[in-house]
Amino acid sequence: MNEKNRKLFEPTKIGSMRLQNRFVMAPMTTNANPNHVIDDGMIDYYEEIAKGGVGMIVCDTQIVSNKIDPWYEAVTIIGTNEQKVRFMALTERLKGYGTKLCVQLTIGPGRNAFPIPGKASVSASAIPGLYDPSQNTRALTLEEVESIPRAFADVALMAKEAGFDAAEVHAHTGYLLDQFISKNWNKRTDKYGGSLENRLRLLTEILQAIKEKAGQAFPVFIRVSGQHHFPGGRTLDTFPEIIRKLDEAGYDGFDVDSGSYEAIEWIFPP
């Protein structure tokens, strides 16, 4: 082995979770099942990755609610026994490989969604949609925003009970949660808008809700873009303060990537 790579093969810990090495498979949407269920093909796929000995797999993003973002209204398995059974099918198959499993959780794309006839996309504020800027999104009501942490906590607990080792909050690439963080999208004047503390409040409340339900020892990560790569978007100058505040809030790990749908070549490199 090349000596400078030896560290990658050493065990490590994230909170109370021990990893057999420092290789982590990042989350990648497979679009394998239109109903957003972990199906047998996905389980076969993740088993092949686990056979290689990777320390942790962060799975294809799973939805926490069909009540907030109209993009997910047709997905009826959320929070049901069917969703939990498929979680269990995956964790049972991967037992014995030593690979930890992290479930990635999302509330929706918000303004990043393709237009749905007759339905407005939602966001932190009434702002132009990505694909049709002539149509503004609908700002989520205070009650809707306040319901989001509970939705994350419910599915995180379900995943833990099904055998997952950790959870990751998707606040990446300008999706709905990222729209709350970023002042170019968040124009709210209530407790979720204005200062950086307020714009991060929802992410802090999501973390707190998951920890209350799944336990303080259950590791929770967050996936977030370090920079957006478009004028007015996040830059590396502003990003460290975001990470510092999320660290103070208690997130156990950070999954940092780059890009936005305005600069899509950073998300899906050619």
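Me: Which residues does Ile210 touch, not counting residues up to four places away in sequence?

Reply: Please keep in mind throughout that this is a predicted model. As a general idea, nonpolar side chains in soluble globular proteins tend to be buried together. In this case Ile210 touches Phe152, Ala153, Ala156, Val169, Gly215, Phe218 and Val220, once residues up to four places away in sequence are set aside.

Me: What is the size, in residues, of the largest nonpolar core, and which residues have the most contacts inside it?

Reply: The largest nonpolar core has 58 residues, and those with the most contacts inside it are Phe152, Val169, Leu203 and Ile210. Helix α3, which runs over residues 142-161, gives the most to this core, with nine residues. Another core lies apart from it and has seven residues, among them Met17, Leu19, Cys102 and Phe221.

Me: How should I read a helix such as α1, and which of its residues are buried?

Reply: At 1.5 Å a residue, the 12 residues of α1 should span 16 Å, and the end C-alpha atoms are 16 Å apart, which agrees. The buried residues of α1 are Met42, Ile43, Tyr46, Glu47 and Ala50. Because these residues cover an arc of only 140° around the axis, they lie on the same side of α1. Among the elements that cover them are β3 (24-25), β4 (56-58) and α2. Just after α1, Gly53 takes a positive phi of about 95°.

Me: How many salt bridges are there, and what parts of the chain does the pair of Arg86 and Asp40 link?

Reply: The general idea is that side chains of opposite charge can pair when their charged atoms come close. Counting side-chain nitrogens of Lys or Arg within 4 Å of a carboxyl oxygen of Asp or Glu, the total comes to 22 salt bridges. In one of them, Arg86 pairs with Asp40, with the closest N and O atoms 2.8 Å apart. This pair links distant parts of the chain, since Arg86 is in helix α2 (residues 81-94) and Asp40 is in helix α1 (residues 40-51), 46 residues apart. Arg86 is buried, with a relative accessible area of 19%, whereas Asp40 is partly exposed at 48%.

Me: Where in the chain do Arg111 and Glu262 lie?

Reply: Arg111 is in the loop between β6 (100-106) and β7 (122-123), while Glu262 is in the segment after β11 (253-257), 151 residues apart. Their side chains meet in a salt bridge of 2.8 Å, N to O. Arg111 counts as buried at 7% relative accessibility, and Glu262 counts as partly exposed at 32%.

Me: Is Thr189 buried or exposed?

Reply: The cut-off for exposed is over 50% relative accessible area, so Thr189, at 83%, counts as exposed. Thr189 lies in the loop between α4 (176-181) and α5 (196-199). Thr189 and Ser125 are 64 residues apart in sequence, and their C-alpha atoms are 9.6 Å apart in space.

Conventions
Residues numbered from 1 in each chain as written. Predicted model: local features only at pLDDT ≥ 70, side-chain atom pairs only at ≥ 80, totals over all residues. Heavy atoms only, no water. Helix = DSSP H or I, 4+ residues; strand = E, 2+ residues; numbered from the N terminus. Buried < 20%, exposed > 50% of the residue type's maximum accessible area, 1.4 Å probe, protein only. Core = buried A, V, L, I, M, F, W, Y, C linked by side-chain atoms within 4.5 Å. Contact = heavy atoms within 4.5 Å. Expected span 1.5 Å × (residues − 1). Arc of directions from axis to C-beta.
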